[in-house]
Amino acid sequence: MQQARRVQSGHVSATWNPFAELSVYAGLDYRRVPFLLTSNALLGQPVGSLSELFDIYGTNRVETLAVDRTATAATATLGFTYALSDDWTVSLEGTLANYSGTPASGGVGSVPSPGLEYYIWGRVDGSNVFTEGDYAGFGLTAVENETYRSYIADAVLRYPLSDLWRLSPQFRLAYRTGNDTDLRQLLLMPSLALSYDVTSHWTIAGETAVLWEEQSLSDEQTSNLDLRLGLGIRYSF
């Protein structure tokens, strides 16, 4: 089979600690998206089983279609983490990503490559900020590709109200602009989560979030407001 002669995924990473407070890391990653399987040939086809597809195209052609429907993703990452103190760390990371497109074949249209994407991510994390055992994090992310630029800021706090109760407010702000269009998109998402440890393994958690989005494109402006509520039970081993 063709996919048996092709690399599915590969990953290389390295970490360097020039001194105790600083950790520098780098990584290269390559993978097929989705994982290359013969069943990928069914994507976009009007039939529901491989046996039907084999009857139409034959084994070799179906395997070629599976390869055609499978894109690749290659990323290179370089970053560092620095301990400012016992409770505070700062991190910075840059990633270059390249995603392939897929060709037209078997009656399925092509998917163009989105090209290169650039990610720059910075974060400050602290513990024991307001009380013993809490956590606070602040992050900034910038993303750019051939279509748009995006900037994301987020802040999160995990605060222990007691040995059993934890409160977790979070706020996220995202702004996106189009490179070839006049797209402007703003997103605000504050949320509040509350969890209770029933036992050492079972936890009940609830969350409420508000999502506000405003978008303008070609003199048209839209806005949307959503309220999201969630309740769940988690088991930890």
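Predicted model: local features only at pLDDT ≥ 70, side-chain atom pairs only at ≥ 80, totals over all residues.
Strands are taken here as DSSP runs of at least two residues in state E, numbered from the N terminus.

One of the contacts to look for is that of alanine 76, whose bridge partner in β4 is leucine 96.

From β4, the pairing carries on to β5. Strand β5 spans residues 115–127 and is antiparallel to β4, with twelve bridges between the two. Here alanine 97 has glutamate 117 of β5 as its bridge partner. Strand β5 in turn pairs with β6, which runs over residues 135–144; this pairing is again antiparallel and comprises ten bridges. Within it, aspartate 125 is found opposite glycine 137 in β6.

Eleven strands form an open sheet with antiparallel pairing, in the order β1-β2-β3-β4-β5-β6-β7-β8-β9-β10-β11. The edges are taken by β1 (9–19) and β11 (220–235); each has a single partner strand, so one side of each is left without a neighbour in the sheet. From one strand to the next, the twist averages 10°. As a general point, the strands of a sheet pair through backbone hydrogen bonds, in either a parallel or an antiparallel manner.

Definitions and conventions. Residues numbered from 1 in each chain as written. Heavy atoms only, no water. Pairing = 2+ DSSP bridges. Helix = DSSP H or I, 4+ residues; strand = E, 2+ residues; numbered from the N terminus. Axes fitted to C-alpha atoms, helices over the stretch in contact; angles between N-to-C directions.
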